[in-house]
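I am opening a notebook page on this chain and writing down what I looked up, entry by entry. Sequence and structure come before the notes.

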Amino acid sequence: MVEDPLATADCLQITREVGFDTLLENRHPHTTACPLPFQADSVKTARDVTRATLSDWGCAELSDDAALVVSELVTNAVRYTRGHAGLTLLLMRVAPHVLLAVADPSDEVPTRKEPDFVSENGRGLYIVETYSQCWGWDPLNRGGKAVWALFRTE
């Protein structure tokens with residue numbers, strides 16, 4: 001697959017210009033935001049919302065990879081932000097990309113670790129990096145952060 005670095009930069013620039021805070025709070029075309037309670041079964045809800053949204057957008061071919069990545073993002077948010085309020089799942093379609101993000105109230109920076117394939121944890125961001133085009137995080141103006149992963153649809 002030939003990547004178009006300008007298309008990727010354009011997609012990420014939109015999130016920087018508009019800001020994740022605004023995207024999380026307002027309705028925008030081709031954007032879905034879903035509040036999630038701070039509990040383990042939010043992972044299943046996030047997967048279901050992701051699959052349904054991608055299907056509605058005609059991007060069902062991304063469903064398996066995106067559901068896996070969103071599972072890891074929500075799991076990490078639940079695991080590392082104990083005692084905080086809820087989370088928000090954001091999906092945004094900016095052709096030829098889909099951006100998935102999970103916002104949480106923690107200011108702790110996500111750090112990718114070298115995976116230990118024997119251990120039952122520590123592989124989350126490795127999986128996100130492997131299955132998405134790229135990933136990162138942005139601080140929120142209200143505090144906390146949005147951890148995101150970008151997928152190419154074409």
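Does K145 count as buried or exposed? I found that K145 has 6% relative accessibility and so counts as buried, where buried means under 20% relative accessible area, exposed over 50%, and partly exposed in between, with a 1.4 Å probe and protein chains only.

**Ground rules**

I am working from a predicted model, in which local features need pLDDT of at least 70 and side-chain atom pairs count only at pLDDT 80 or more, while totals for chains, interfaces and linings use all residues. Residues are numbered from 1 along each chain as its sequence is written, and side-chain values use heavy atoms, with hydrogens and water left out.

**Entry: overall layout**

I counted 5 helices and 5 strands in the chain, taking both as DSSP runs numbered from the N terminus (helices H or I, at least four residues; strands E, at least two). Along the sequence they follow the pattern α-α-β-α-α-β-β-α-β-β. Of the 154 residues, 48% count as buried. With contact meaning heavy atoms within 4.5 Å, I noted that residues 24 or more positions apart account for 67% of the contacts with a separation of 6 or more.

**Entry: the K145 salt bridge**

I returned to K145 to look up its partner, and found a salt bridge with D104 in which the closest N and O atoms are 2.9 Å apart; the term requires a side-chain nitrogen of Lys or Arg within 4 Å of a carboxyl oxygen of Asp or Glu. D104 lies in strand β3 and K145 in strand β5 (residues 145-152), so the pair ties together parts that are 41 residues apart in sequence. D104 also counts as buried, at 6% relative accessibility.

**Entry: the other salt bridges**

How many salt bridges does a search of the whole structure find? The search gives 3, and I took the remaining pairs in turn. Side chains of opposite charge can pair when their charged atoms come close.

D48 and K44 meet through their side chains at 2.6 Å, N to O, and because these residues are 4 apart in helix α3, about one helical turn separates them. D48 is partly exposed at 38% relative accessibility, and K44 is partly exposed at 47%.

D64 pairs with R51, with 3.1 Å between the closest N and O atoms. This pair links distant parts of the chain, since D64 is in helix α4 and R51 in helix α3, 13 residues apart. D64 is exposed, with a relative accessible area of 54%, whereas R51 counts as partly exposed at 35%.

**Entry: helix α3**

Helix α3 covers residues 42-56, and its 15 residues reach 21 Å from first C-alpha to last, close to the 21 Å expected at 1.5 Å a residue; the expected span is 1.5 Å times one less than the number of residues. I listed its buried residues as S42, V43, A46, V49, T50, T53 and L54. They cover an arc of only 130° around the axis, which puts them on the same side of α3, the arc being that of the directions from the helix axis to the C-beta atoms. These buried residues pack against β1 (31-36), α4 (63-80), β2 (87-94) and β3 (97-104). After α3 comes G58, whose phi is positive, near 75°.

**Entry: nonpolar cores**

Which residues have the most contacts inside the largest nonpolar core? They are V74 and L89, in a core of 27 residues; such a core is a set of buried Ala, Val, Leu, Ile, Met, Phe, Trp, Tyr and Cys residues joined through side-chain atoms within 4.5 Å. Among the elements giving two or more residues to this core are β1, α3 and β5, and α4 gives the most, with 7 residues. Not counting residues up to four places away in sequence, V74 touches L36, S42, V43, A46, L87 and V102. I also recorded a second, separate core of 13 residues, which includes F20, L140, A146 and W148.

**Entry: T31 and the cysteines**

T31 lies in strand β1 and counts as buried at 11% relative accessibility. Leaving aside neighbours within four places in sequence, T31 is in contact with L23, W57, L90, L91 and M92.

I looked for disulfides, meaning pairs of cysteine sulfur atoms within 2.5 Å, and the count came to 0. C34 is buried, with a relative accessible area of 14%, and C59 is buried at 2%.
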